[in-house]
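Thanks for coming. I will take this one step at a time, so please have the structure open as I talk.

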Amino acid sequence: MDMNSFSPMMPTSPLSMINQIKFEDEPDLKDLFITVDEPESHVTTIETFITYRIITKTSRGEFDSSEFEVRRRYQDFLWLKGKLEEAHPTLIIPPLPEKFMVKGMVERFNDDFIETRRKALHKFLNRIADHPTLTFNEDFKIFLTAQAWELSSHKKQGPGLLSRMGQTVRAVASSMRGVKNRPEEFMEMNNFIELFSQKINLIDKISQRIYKEEREYFDELKEYGPIHILWSASEEDLVDILKDVASCIDRCCKATEKRMSGLAEALLPVVHEYVLYSEMLMGVMRRRDQIQAELDSKVEALTYKKADADLLPEEIGKLEDKVECANNALKADWERWKQNMQNDIKLAFTDMAEENIHYYEQCLATWESFLTSQTNLHLEEASEDKP
Amino acid sequence: MEQAPPDPERQLQPAPLEPLGRSDAGLGVAVDEEAEGAREEGSGGDTMTHNNFWLKKIEISVSEAEKRTGRNAMNMQETYTAYLIETRSVEHTDGQSVLTDSLWRRYSEFELLRNYLLVYYPHIVVPPLPEKRAEFVWHKLSADNMDPDFVERRRIGLENFLLRIASHPILCRDKIFYLFLTQEGNWKETVNETGFQLKADSRLKALNATFRVKNPDKRFTDLKHYSDELQSVISHLLRVRARVADRLYGVYKVHGNYGRVFSEWSAIEKEMGDGLQSAGHHMDVYASSIDDILEDEEHYADQLKEYLFYAEALRAVCRKHELMQYDLEIAAQDLASKKQQCEELATGTVRTFSLKGMTTKLFGQETPEQREARIKVLEEQINEGEQQLKSKNLEGREFVKNAWADIERFKEQKNRDLKEALISYAVMQISMCKKGIQVWTNAKECFSKM
């Protein structure tokens with residue numbers, strides 16, 4: 001239980017991080033509960049934007065209170081993500097939902113879009129809360145607790161735009177070199193990430209397509225039942241059976257609707273999150289490579305006796321530490337991520353299968369009871385015929 | 001074994017006072033290759049066996065379809081499909097069947113047979129032919145007449161057509177029908193020799209009658225409305241069914257893509273690999289199951305289509321009634337006017353206009369002898385007219401009586417068949433659901449093992 005009373009100023013040595021990771025993800029140890037809800041539209045002279053309400057409940061000592069309520073907009077989430085990436089370049093930061101809607105919907109503030117985004121943002125914050133390292137990040141805490149003006153001023157304290165741009169340029173320049181000296185295990189990791197990314201993207205497309213097809217099937221089916229009612233109006237003998245068939249079809253229609261929404265709940269968001277994760281992973285690999293590239297360039301400079309040779313060994317020492325730190329952090333987080341991924345995917349597809357089973361069971365029951373009632377009717381009529 | 005050739009008179013029976021007896025021997029809608037063609041033995045008494053070709057039970061089947069090429073009327077080469085019709089007689093005692101006749105016919109000959117029946121049995125709801133061209137197709141189904149699936153369904157439809165005729169108490173006795181099943185060569189000439197095309201009522205005449213008839217039997221007017229509604233609602237149903245089928249096909253087939261991707265993914269996974277791979281296999285099974293499901297549903301659609309086409313047959317009977325009624329009304333009108341003329345001539349009053357009357361005014365009175373002559377002519381005409389009116393009246397009443405009897409028979413058949421069809425639709429849905437549960441349960445197991 002001591003684990004949870006860590007101060008925010010915890011040491012970032014690789015050893016302590018590995019120790020920490022061993023005690024991760026146990027539900028009864030959870031002491032930070034976050035919900036994202038109540039999207040609200042704000043209109044100013046310059047722009048219109050949406051804020052989301054974030055409620056945090058915690059028993060942690062380092063928080064001033066046990067309950068917090070703040071409003072944040074998408075930009076704020078982006079900022080948080082950036083800060084986390086900066087502080088932990090080789091940790092697998094949870095992905096944010098996309099900036100704009102895919103397939104270019106004209107209305108940015110369409111209800112479905114907002115709801116999907118809200119759920120994804122909720123997931124994002126909770127994933128951070130569940131992460132053994134990220135959960136104690138200072139910026140995270142500020143994000144959850146600070147009032148709007150506090151957050152604004154805190155944001156301004158970060159490294160300036162120009163220095164951030166400089167970092168990007170250096171990163172691009174050295175990223176190529178990093179690939180050459182990548183250790184074996186990270187080569188394997190990279191291969192996996194590439195293939196995984198391909199496959200998960202395909203699965204995302206397929207799943208979206210299934211949803212679309214099911215929706216179109218539902219739309220046509222809605223028309224199908226009522227025609228039987230229409231028909232029954234001009235019949236005498238067939239009225240009852242036609243009405244029964246119509247009601248069966250309508251019930252199957254409702255079951256289809258339920259299956260569709262089940263798919264949208266259980267499968268689509270999970271698969272899509274992992275599509276975003278796969279992009280995130282590639283970014284992590286790049287950053288790891290970049291850190292290694294920095295070391296490699298210094299080592300190279302030493303080998304070829306370039307300028308400032310006497311300062312290099314000390315720099316190299318620091319960089320070697322940095323590389324070891326980064327690699328270990330990534331390795332540990334990778335294992336954790338893979339485990340989570342397997343669980344999430346397994347759960348999502350099992351849920352999808354369950355939805356389909358339930359759908360077919362409902363339809364089966366509907367038609368079987370229709371058949372039974374027809375058979376009963378037939379038996380009744382047969383016994384009536386006998387004098 | 002075979003009966004003596006039937007009385008040639010039988011071939012031209014318009015509206016005989018024929019007892020109709022028990023309806024067809026349980027012609028099921030689920031189309032079998034072999035079904036009974038005759039009435040039950042012994043039901044309905046003596047009148048059934050009188051002049052009945054089908055004393056022994058017979059089985060008719062359209063067992064094969066073959067693509068052929070030949071030359072058409074304009075000496076151009078054409079491709080068509082020929083159908084093999086086999087007739088078997090079943091020995092009552094041991095149930096064994098013996099092939100008695102076997103010949104090939106093409107669709108146009110079926111059409112000829114039906115057109116003949118329409119002319120000679122206007123009071124009967126003549127069974128319809130399966131569609132000439134594929135309609136209400138959902139996109140995966142071919143609209144091509146040469147497509148094997150379409151040909152197969154048409155083969156079944158043609159067999160159904162023959163079975164319907166063979167189980168109809170009146171139509172089954174027709175000589176031309178008998179020859180259709182037994183005489184391969186020269187049949188077309190035989191049909192044309194009956195001169196039925198000349199006997200057919202012109203479309204124009206029928207249309208005219210429909211608009212001008214004053215007192216049709218209300219039951220027929222109602223029947224016409226019913227048949228219009230039936231046609232409209234079944235068309236609508238078939239259209240939507242086709243669209244639903246299309247969509248369902250899409251849902252199932254897209255799942256097949258999972259199979260491929262899961263398989264590829266499983267290659268990079270250690271623990272999840274097996275689960276993914278086998279789940280993928282089940283997705284493939286699911287995707288391919290839709291083909292059989294929809295093929296079955298196509299048969300259901302065909303059952304509905306038959307009744308869609310029956311609507312037209314109903315309307316044909318109504319049109320004949322309207323024509324006869326209109327004829328009757330005109331004859332009565334004509335007779336009334338002649339009587340009036342006669343009366344005026346006799347009494348000397350001129351109320352009605354006549355050319356003779358005009359010329360008389362212009363050129364002077366006619367002589368009493370002339371007038372007598374005219375009256376005599378008119379009286380003869382009136383006599384004739386009254387005879388004609390009487391027989392037309394009788395004909396009309398007979399027609400109504402017999403037609404309505406067949407319509408009642410048809411209604412019973414329709415209700416039975418459509419109920420069966422709807423039930424078979426439910427059975428198909430149940431089968432589809434069971435398959436779905438099976439596949440997804442298997443898939444779920446694979447997923448949970450990942």
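The centres of domain 1 of chain A and domain 2 of chain A, taken over C-alpha atoms, lie 24 Å apart. Those bounds, from an automatic or database domain assignment, are 32-155 for domain 1 and 184-385 for domain 2.

A word on the source: this is a predicted model, where local features need pLDDT of at least 70 and side-chain atom pairs count only at pLDDT 80 or more, while totals for chains, interfaces and linings use all residues. Residues are numbered from 1 along each chain as its sequence is written, chains are lettered from A and ligands numbered from 1 in the order in which they are written, and side-chain values use heavy atoms, with hydrogens and water left out.

Back to the two domains. Contact, meaning heavy atoms within 4.5 Å, links 18 residues of domain 1 of chain A with 20 residues of domain 2 of chain A. Between them the domains bury about 1,700 Å², 58% of it on carbon and sulfur atoms; buried area is the accessible area (1.4 Å probe) that two parts lose on being put together, summed over both. Thr90(A), Ile92(A) and Arg127(A) supply 41% of the area that domain 1 of chain A buries against domain 2 of chain A, more than any other three residues.

How many salt bridges cross the interface of domain 1 of chain A and domain 2 of chain A? The rule finds four, a salt bridge being a side-chain nitrogen of Lys or Arg within 4 Å of a carboxyl oxygen of Asp or Glu. Arg127(A) also makes a salt bridge with Asp344(A), at 2.8 Å from N to O.

Now to the other chain. Here 52 residues of chain A are in contact with 53 residues of chain B. Chain A and chain B bury about 5,400 Å² between them, with 74% of it on carbon and sulfur atoms. Tyr224(A), Trp231(A) and Tyr360(A) supply 14% of the area that chain A buries against chain B, more than any other three residues.

Salt bridges between chain A and chain B number eight. In the one between Glu235(A) and Lys414(B), the closest N and O atoms are 2.6 Å apart.

Last, a single residue. Arg182(A) counts as buried because its relative accessibility is 11%, and buried means under 20% relative accessible area, exposed over 50%, partly exposed in between (1.4 Å probe, protein chains only). Leaving aside neighbours within four places in sequence, Arg182(A) is in contact with residues including Met187(A), Asn190(A) and Asp289(A).
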